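Here's a quick tour of one model, written for someone who likes to know the cut-offs behind the words. Have the viewer open and follow along.

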Amino acid sequence: MSFKSLPKAELHLHIEGAAPPDFIRSLAREKSVDLSKIFTEDGGYAYRDFWHFLEVYEAATSVLTGPEEFGRLTKAVLEACAEQGVVYAETFLAPDFCGKRDVEAWKDYLGAIEQAAQEAERDAGITLRGIVTCVRHFGADAARETAKCAQETAGGFVTGFGMGGDEKSGTQGDFAYAFDMAREAGLQLTTHAGEWNGPDEVRAALDDLKVERIGHGVRSIEDLALVDRLTDDGITLEVCPGSNVFLGVYPDLKSHPIAKLRERGVKVTVSTDDPPFFRTTMTQEYENLARQFGWDESDFRALNLVAIDAAFCDEATRTRIRKILEAQDV
Ligand code: ADE
Ligand code: ZN
């Protein structure tokens, strides 16, 4: 079977980061915004390194000016995911980019996103859940406002709270209040850690934010006591190998620790992060991992079951999606 048709679950996907370059280019044209600097000649996104990537990401996002744009974006992203065999996805949604953290505006954006998700579920058979996300380099005050947006919309479609952005800015602990607010609202928690900083960052995420999943977390491999803690505590890593290699966290897939983490018992999953930025797809990730580490269909089926077990969704949804992932007739 081809990896493309294998049913997949993806836990780590930024909605703006999944925007196809053509989608952003045509919105920029509609709004007469000059974004030519952020594109390469062949039509991809252009940036030098992670920090420049964050700037380009925010520039691209600047043309997503209202709920309607986010609805269209959600539809385009889910169609692209479904095309890769993804049947369940979770996406990071940042109120910073959806009404500048104003709660009433955020509700309008979320309404459009949710409606697009329902249409995609009906038309393309893909289920989406939202993880409201603060952006680390926007600071702790902004994160509390984001957590307020999360509190006001928690339940149903919004199942999680997380943090992305520049890991070199502030500490995980600075965001403890925002994460406490989200936890009290019944949301499940994840944060980016151990992508650019080392094992101490992952420890801080566990100790100070008490998250149950870690975005990336790959640099945990530099401290085997921490790796064992991840295994013992059943922490799931949202690993994005193509993102890590493209951004230079590791020079190549051969040096990437995903296989070592898995061998030591850590619950690893595979996601694309910001697929067009890293010129990847879920199918491409599976093909690369198969080539590099000899993983086959049974490995990917197992990884997808780890993902659905760690998914931020209700039990009825988990049971329904698990059946689809387990079906052998694809
Ligand atoms: N936002 C979008 N992609 C990200 C990444 N890989 N790391 C941190 N923040 C992000
Ligand atoms: Zn990410």
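In this predicted model, a backbone N or O atom of G165 lies 2.9 Å from a nitrogen atom of ligand 1.

| Residue | Atom on the protein side | Distance to a nitrogen atom of ligand 1 |
|---|---|---|
| G165 | backbone N or O | 2.9 Å |
| H14 | side-chain N or O | 3.5 Å |
| D274 | side-chain N or O | 2.7 Å |

Some housekeeping before going on. Since the model is predicted, local features need pLDDT of at least 70 and side-chain atom pairs count only at pLDDT 80 or more, while totals for chains, interfaces and linings use all residues; side-chain values use heavy atoms, with hydrogens and water left out. Residues are numbered from 1 along each chain as its sequence is written, and chains are lettered from A and ligands numbered from 1 in the order in which they are written.

Now for the metal. Which atoms hold the zinc ion (ligand 2)? The donors are NE2 of H12, NE2 of H14, NE2 of H192 and an OD atom of D273, at 2.1 to 2.2 Å. Donors here are N, O and S atoms within 2.8 Å of the metal (3.2 Å for Na, K and Ca), and water is not among the atoms, so sites may look incomplete. Along the sequence, the donor residues follow the spacing H-x1-H-x177-H-x80-D. H12 sits in the loop between β1 (8–10) and α1 (21–30) while H192 belongs to strand β5, so this pair ties together parts that are 180 residues apart in sequence. H12 is buried at 0% relative accessible area, and H192 is buried as well, at 7%. The labels work like this: buried is under 20% relative accessible area, exposed is over 50%, and partly exposed is in between, using a 1.4 Å probe and protein chains only.

The geometry at the zinc ion (ligand 2) is irregular, with angles of 88 to 172 degrees among the four donor atoms. For comparison, four donors count as tetrahedral if all angles lie between 85 and 135 degrees; four count as square planar and six as octahedral if opposite donors are over 155 degrees apart and all others between 65 and 115, and anything else is irregular.

On to the strands. Helices (H or I, at least four residues) and strands (E, at least two) are DSSP runs numbered from the N terminus, and two strands pair if DSSP finds at least two bridges between them. G215 in turn has E238 as its partner in β7; β6 and β7 (residues 236–239) are parallel and joined by three bridges. I214 stands opposite L237 in β7, and L237 is bridged to V268 in β8. Four bridges join the parallel pair β7 and β8 (residues 267–270).

β7 is covered on both faces, with T236 and E238 buried on one side and L237 and V239 buried on the other. In a regular strand the side chains alternate between the two faces of the sheet.

What links these strands? Helix α7 (residues 199–209) makes a right-handed β-α-β unit with β5 and β6, and helix α8 (residues 224–233) makes another right-handed one with β6 and β7. Right-handed means that, with the strands pointing away from the viewer, the path from the first strand over the helix to the second runs clockwise.

H216, in strand β6, has a positive phi of about 75 degrees although it is not a glycine, and H216 is buried at 0% relative accessibility. S32, in the loop between α1 and α2 (50–61), has a positive phi near 50 degrees but counts as exposed at 69%.

Terms used
Polar contact = N/O pair within 3.5 Å; in protein donor to acceptor, adjacent residues only side chain to side chain.
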